[in-house]
Amino acid sequence: MLRPRVLAIIAGALLLLYSLIGFLAVPYIITQYVVPALAETIHHPILVKDVALNPFTLSLTIDGLEIREPDQTPLLGFEQLFVNVRAKTLFLGSHAFEEIRLVMPFVSMKVLPDGRMNLLALVPPPDQDAAAASGNSEPPNGKESVPLEIGLLTIERGIVDFRDESKRKPFEMSIVPVQISLRNFTTVQGGENAYAFTAEIGKGESLAWEGRVSLEPLESDGKLSLSGVNLKALYEYVRDRVGFEVNRGQLSVGGQYHFDLKGAAPNVVVKDGTLSILDLAIGEKGSEAPVITIPSFSIDGINVDLLKRQAAAAHVHSAGGRFEAWINPGGVLNYQQLFTPPGEPEAPVGKRKADAAVAAQPDRPWAVEVKEVTLNNYRAMFEDRTLERPSHLEIEGLDLTVRGVRLPLREALGVEVAFKLNQTGQVGAKGSVLVEPLTADLDLSLKEIGLRHFQPYLDPFVEVDIRDGVLDLGGKLHVAKEHGRSPLLSFQGNIAVNRVSITDRKDFDEVVSWRRLALNRVALEVEPTSVKVGEVVLQEPAVSLVVQRDGTLNLAQLTRQPPAGGPPQPVKKSPEKPAKPATANIEIVKLLKGSARFRDLSIEPMGKADITELTGTIKGLSSRELAKADVALTGKVDRVAPLRISGQINPLSEEVYTDLSLKFENVDLSVASPYVRKYTGHPITKGKLFLDLVYRVGKQELAGENKVVIDQLTLGDKTDSPDALSLPVAFAVALLKDRTGKIDLDLPVRGNLDDPDFKYGRVLLNVLLNLLGKAATSPLSLVGALIGGSGEELSFVEFPAGRSELAEAEVKKLTLLATVLTERPGLSLDVGGVADRKLDARAIAEEKFREKLRRLKQEESGKPARQDTLDGPLSVEEETRLIAIWFAREVLTGNSSEKPALSAADMKDRLLGTIVVEEAALRLLAQERAQRIREWLTQQGQIEETRIYLVEAAVAEGTGATVPTDLKITAH
């Protein structure tokens, strides 16, 4: 038996040897052999500052270890590694550590341009034996894996640098400092481990996790928090795969979770999760100006169950978002380009089919529910650059709330939205919306929506500018894509367009305006289409009609013609079944203080007229064929003369019906003076106009009655107008004006509206010109008809041959003529006596012939001649006997041997040939006839002698059985 001293020496020697091995040999072996061997194996230089082993505490400390790239740049390493082994590891066959502490570890991860990871170069290529051995996954001899236990595992001030050089623009990210603390980590079955992990990914970015993990079976519960993540840094990693650029933004997520592998599929449950994004800005690539800015976005109350395929969120909220959108000239929305991924190589056909087969496999859809989504104070700006003048729309203060979101979207969503449009307009909607099939029931409200901002959409069609005007709308809207017999769309409410002012773009003059246009109690339905309006109120409408200097009407120049050579229009195919015509009903239209302003710049001085205070109603407008609306309107011309419109119309039906009466009273004719002066050469110095117009339209046939009364029309002195027509205007006025100073005309118009050559104004003008033409060519016949006569010719009075007495028929003419002159005091009459050179001469000769025969008879009786005996008639026998005596005395004198072998008629002709009628006798007869007419008109007709003029008598050759004496009417 050894002595105690020997045992002590041996024990001391062993302890010394143990100490030398632990304190000196092992660190030396590590630094001189293990490290170089490892460096040779991984083909990377390895540096170690110091290695220390304490064999008594079973702890190992390695300081300053670095693994470098071949170019000597650091790859990975740490400042210090401290490992403290539990004593039972030496006896129980387990890996048990009291503490493992890693101080300031670092790793420089890099994806090379060819896509390889630099860290993979540290793994030596396996040889075949190693590869074969690795194919057997079972532990040798069927033993189970050795359990691992760590009392405290800490990582302090860790650094992870990542750089991806395979991207077009290299991506870099650093995670510092990484702080990890794990307590009681074990792989023993049934054991639970409480862990904690924190890391600062970047400035202001942190990752924190705490929880428990059980490895047999794998199960974990904990809480994860990721905050302040720079989205721009993450974006850099995927920038080549997206078409937009993230200018800035921070992401934070957090929540509790549960994970286990107890079942056939992994089980993941998230509770009370949160997600928030702050100060997100997205723009076009290469641009610093963002087009989407979202200051805050958050999702609260996130719950996810992977096995049940359920996800829910209590509240999705965002505030202060700002969107800038536009449609470029090519018609593409900027967001469409922004969020379209860049083109990628097309996948092989086989892979596409495989992917399609996988996608076609039925899978239970996720059930997603969001209790409430709210957006507050959002703003959006839209610009349509496809237009000649880009349109700008701005939405401000957008507040949106959506409740009850459930995917798949089979239930209606509660929706409430309100925003300000273009600074002044207010838009609101509240109700429910079902996405599929689309169904919506909304309470709509639009207030003060400015119309001017929509002007660019009208520019291709009109040459006007909307200077002012707002739209108001309020009511209930129902839309149903699947509607059966019900309408596709229905609206019930009120619509108003107020304070409208539309100006001519060329001259900047207002052409149309109104204060208020309200459609009250509107009931609109689409498919089938019907419109019912309880009341239409048009307040203070005004229209300005201007004839330009070139003679064109301003309203005709307010529309744009479509460009020539446009695309051919498609041929319209007639539907197999005609659609049911839309129905329309308007109970009442109220017009309040309407006005029309007319200016004619084509003449000098300028022509002008105004209609004001046009007020009234139209009741019962309907598209029903038999319906007729009652019209009752009143107004004033030039603020004084009354205007009345009454009757019935039916403009909404297919068969247009009109029966209207328009009455203008006491209109001052000075408004027409410029036109009369231009076309007649005489201005109007005085006069009043009264119009009674009746228009009837039925079955496209127009019947117009234009009754015109002009009172006290007075024309001024003749002027030199180059446009004056050759018309006897002054004479026509005197002809048409009655003794009270009135001109009363009836100008009927007839025509078919389907006739392309029918123009109402042209027809009316032709009627008026025909009237003036007749006044020039046949004034007496015209004026006779105007005063109620038969209209027969009054331009002459007929006399029997050789006589100046008035026949009964001619007295009737003179009676009518006297009436004409009485009713037309502005007219005078020129009477020109006429004698027929042949007819009157023979009649005078025959009268002298008969007088000669009567004198011969008186001579036979031996009595003195008296007038009564000379005027007596002769019998045929007496006349024959006396002709023979006269013939023998005058013709056979000096030739007594000649016997009267001629008949009485031949002798009469021979004797008449001996009677000479001087032209002075004929002219005297003509004068007597004119005097007879004058005497009758002044005595029986009571016409002033000053108005009857005897003109020079005429001797002419006529063709009729009577001799006409000319009458010519002239202006007095």
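Me: How many helices and how many strands are in the protein?
Reply: This is a predicted model. Its secondary structure includes both types of element. The tally is 16 helices and 39 strands.

Me: What share of the residues in the protein is buried?
Reply: Buried here means under 20% relative accessible area. The protein has 972 residues. The buried share is 35%.

Me: Among contacts between residues at least 6 apart in sequence, what percentage joins residues at least 24 apart?
Reply: A contact needs heavy atoms within 4.5 Å. Among pairs at least 6 apart in sequence, the share that joins residues at least 24 apart is 59%.

Me: What part of the accessible surface belongs to carbon and sulfur atoms?
Reply: The accessible surface of the protein comes to about 56600 Å². The part belonging to carbon and sulfur atoms is 58%.

Me: In what order do the four strands of the open sheet with mixed pairing stand?
Reply: Strands S36 (796-799) and S38 (948-956) each have a single partner strand, so they stand at the edges. One side of each is left without a neighbour in the sheet. Neighbouring strands are turned by 20° against each other on average, direction ignored. The order is S36-S39-S37-S38.

Me: Which residue in S39 is the bridge partner of Ser-828?
Reply: Strand S37 covers residues 827-836, and strand S39 covers residues 963-971. The two pair in the antiparallel sense over six bridges. In S39, the partner of Ser-828 is Thr-970.

Me: What angle does the direction of helix H16 make with that of S38?
Reply: Two helices pack on this sheet. Helix H11 (residues 808-823) touches S36, S37, S38 and S39, and its direction makes about 160° with that of S36. Helix H16 (residues 919-940) also touches S36, S37, S38 and S39. The angle between H16 and S38 is about 150°.

Me: Is Leu-827 buried or exposed?
Reply: Leu-827 is found in strand S37. Its C-alpha atom is separated by 9.6 Å from that of Ile-948, 121 residues apart along the chain. The relative accessibility of Leu-827 is 0%, so this residue counts as buried.

Me: Which helix gives the most to the lining of the second largest pocket?
Reply: This pocket has a volume of about 410 Å³. Its lining has 16 residues, and Gly-802, Ala-843, Ile-844, Glu-847 and Leu-925 lie nearest the centre. Helix H12 (839-861) and H16 each supply at least two lining residues. With seven residues, the top contributor is H12.

Me: Which helix do the buried residues of H7 pack against?
Reply: In helix H7 (residues 673-680), the buried residues are Ser-673, Pro-674, Val-676, Lys-678 and Thr-680. They pack against strands S29 (607-622), S33 (684-698) and S34 (701-715). Their helix partner, residues 729-736, is H8.

Me: Which residue with positive phi follows H7?
Reply: H7 covers residues 673-680. The residue that follows has a phi near 85°. It is Gly-681.

Me: Which residue in S28 is the bridge partner of Val-547?
Reply: Strand S27 (residues 542-547) runs antiparallel to strand S25 (residues 510-526), joined by two bridges. There, Val-512 has Val-543 as its partner. S27 also pairs with strand S28 (residues 583-600), in the parallel sense over six bridges. In S28, the partner of Val-547 is Asp-600.

Technical notes. Residues are numbered from 1 along each chain as its sequence is written. This is a predicted model: local features need pLDDT of at least 70, side-chain atom pairs count only at pLDDT 80 or more; totals for chains, interfaces and linings use all residues. Side-chain values use heavy atoms; hydrogens and water are left out. Buried means under 20% relative accessible area, exposed over 50%, partly exposed in between (1.4 Å probe, protein chains only). Accessible areas come from the Shrake-Rupley method with a 1.4 Å probe; for residues, only the protein chains shown count as cover. Two strands pair if DSSP finds at least two bridges between them. Axes are lines fitted to C-alpha atoms, for helices over the stretch in contact, and angles run from 0 to 180 degrees between N-to-C directions. On a 1 Å grid over the protein atoms alone, a cavity is a set of points where a 1.4 Å probe fits but cannot get out, and a pocket is an open set with protein on both sides within 12 Å along at least five of seven lines; lining residues have an atom within 4 Å of a point. Grid points are joined across faces, edges and corners, and a volume is the space filled by probe spheres set on the points.
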